[in-house]
Amino acid sequence: MNGENVKPVTIRRQSPWQIQCSVIFGVFNRELANRFGRFSLGYLWAPLEPLLYIAVLSAIRMQVASGPIAGIDPVVFFASGVLPFILFQIVQITSLSCVESNVGLFNYQRVKPADIFAARFLLEVLIVLTVALLLFPSLYLLGMEFALNDFLYLLGVTVLFLMFVAGMGLICTVLGPFWNESKKILPNVIRPFFFISGIFFPLADIPPELRDKLTWNPLLHALELFRHAAFEGYQLSPEASLNFLFWSALISLTTGLVVYRLCRLKIVTSGTIK
Amino acid sequence: MISIEKLTKSYRLKDGRHYVFRDLDLHFPEGANIGIIGPNGAGKSTFLRLLGGIDYPDRGRIRTDKSFSWPLGLQGGFVRHMTGRGNCRMICNLYGLGREVIKEKLELVKTLSGIGHYFEEPVQTYSSGMSGRLGFALSMAFDFDYFLIDEITSVGDAHFKKLAKEALEAKALSSKVIMVSHSMADLRRFCDLGVLIKDGKLTVYEDLDEAITHYLPEKPKITTIAASGPERDLQGLFLDDVEISRSMNSLWQEVEALLLSINQKLALPNFRIEENKAGFYAQLGTVYNQLNDLKKAVQFHLKALTFNPDFVPSLQQLVSLYEQLGRKEDKKQTLEKLGRVAPGNPQYLTEKAKENLAAENREEALRLLEILLDNHPENPEAQSLKAKILFEQNHAEAALHVQANLLKTNPETPAFYLQLGKFLAALGRYKESLMAEWKAASIGLSFPEKKYQMACRTLENLDRSLTF
């Protein structure tokens, strides 16, 4: 541009970082309206699903047995399993449709699939976090006893878990437009994980010879470590490994970023898919 | 600076790879408004998308230090279930405008787009023209170096076109346009430089008109009539002294090109109509009616009825077409059918009133018209007929009142002015009567062009919805 004629142009005044923030903020607002705006119950809708799971699991448990599970209250146990799992599930499923359901937005040069993914991820994390911050103190006030074990450890596990979820989500973001059937298949693949990720039983309750068949699942490790970090007196199974979670998170995130980087143009370029 | 280096873009289609551009090298001169022309499917919109950075080439690249708007097209990149306002706010957010600025811009956008209270409705309730106009209005809130305009100027009415032109001119110092349009008139209005995209090649012409002559090499036949055969009959009648305006000429070229395209497609064995078939043929019939080809109009309306025997718009037009062609029996039958399908139809009631009037049944005719005007107070034909009956009943003042009201809402029909002139004369107001006649004649001058514009717009839509 020639020196003296430079007119302040709205479009260029922003640094890349500011642009990134603007875009995620813009998309985030839209996703917020999209997620809650369409139901009359609005913001009540988000906590309803996990609460329903927790209530059903607790009710069943009360029918068959009483007393704590692996040293903590059953309701607290279920709650600490259901919330992270639901986050994992919903991020994967919504990521599959990131590109498809936002074709209109890609009309704006600034918006790329990763922005949509980031906004959706952020939104889901915030929802689960809010639910957790409301739910656990409520349970405590209702008389269920638990105490925080190790805050830093909890923070570490949370970060690793979010890295794992984000990496898988990025892979799904790319997978969705390339393979249409994935939108039907993947939810059915994730559903069985509800039963093998230690949501309603601790790993310690599984017979040792069966444990090997389950410990490949990073979610199981994450859930075990979550409870260990969060609740004093939780009987952690020796198979649960922070090391395993760390490597899973690293591999997942790296793969996600690499796959996205390689395919980022293809998924929004016309004429390459279908 | 915009330079294009070794750009290749292809689409994968069922029967293999289809290349839009292959190894394109190009440099655009600085600071020009660029008009892009070319046949349908030549890659004009793809080119805009590539420039706008929302689509990517297979190979090669576009180097530029300019900012581009998003392509302003008919679809408008909106989220369908969000309101117009919600969408605009989101897009302002995307471009990092502050809260206060957004508030102010949104009001400007609402005014410029001219969509009124629809601004608060979900975008899915908009017509394509409305969302296109909203997209254009919104883009004016930003200072892009180039506005990429894809057929958008063809969607608005004259008022919107004027506003759009003013908005672009206000930005002319800082911003330029790159524009795709089938309307040569619009291109001439906005652009200096012409780019022709044809057969995978892109040619830059320093002068837009040069590009247009390369695109449409045939001179309009109307200026080159040979003095032989039936043409001799026309010699000296009108063609020599009517100077057909430039815009009319290009309009005529467009209509001809579109008609050719549609007829060619209709002749293909495997053409497909992407909308309601009856509606498609009825619209085509309407176009031929506007082009004065009554026989073809009848033919296509009848075709529409084979897909939907109760299609009211076609029945309506057939009634007036048969009237003009003097086919009394057909008219009667069609009218009866219209009455069966839609007993309260304004045209049906008007025709019935006319019949009664012809049989000197004025009271009955007036009664029918009152029923009609109760439900459709604005119906012009009914108002005009009512005025006529009142006049015949020697209520010239009342007739004048009705007619004047009618003209306030329908100022563009010459016949209504002529009738007004008669009423005025009956009241002894000869000078005003003369002026009404003069007014009718002057409106009549622009009448063919307006009809052609309407026909052209309809044809563009029809052409778009016809695929193979």
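**Exercise 1. State the handedness of the crossing of α9(A) and α10(A), then describe the packing of the two helices.**

Step 1. α9(A) and α10(A) make a left-handed crossing, a term for a near helix turned anticlockwise from the far one by less than a right angle (right-handed if clockwise). The model is predicted; local features need pLDDT of at least 70 and side-chain atom pairs count only at pLDDT 80 or more, while totals for chains, interfaces and linings use all residues. Residues are numbered from 1 along each chain as its sequence is written, and chains are lettered from A and ligands numbered from 1 in the order in which they are written.

Step 2. Helix α9 (residues 218–230) and helix α10 (residues 242–263) of chain A have axes that come within 9 Å and cross at roughly 130 degrees. Helices (H or I, at least four residues) and strands (E, at least two) are DSSP runs numbered from the N terminus; axes are lines fitted to C-alpha atoms, for helices over the stretch in contact, with angles from 0 to 180 degrees between N-to-C directions.

Step 3. The angle therefore makes α9(A) oblique to α10(A). Under 35 degrees counts as roughly parallel, over 145 as roughly antiparallel, 65 to 115 as roughly perpendicular, and the rest as oblique.

Step 4. P218(A), H221(A), A222(A) and L225(A) of α9(A) make the contact with L242(A), F244(A), L245(A) and S248(A) of α10(A) (contact: C-beta atoms, placed from the backbone, within 7 Å).

**Exercise 2. Classify the packing of α16(B) and α18(B) by angle.**

Step 1. Helix α16 (residues 380–392) and helix α18 (residues 414–426) of chain B pack at about 20 degrees, their axes 11 Å apart.

Step 2. α16(B) is therefore roughly parallel to α18(B).

Step 3. α16(B) passes α18(B) in a left-handed crossing.

Step 4. S384(B), A387(B), K388(B) and F391(B) of α16(B) meet F416(B), Q419(B) and F423(B) of α18(B).

How values were computed:
Two residues are in contact if their C-beta atoms, placed from the backbone, lie within 7 Å.
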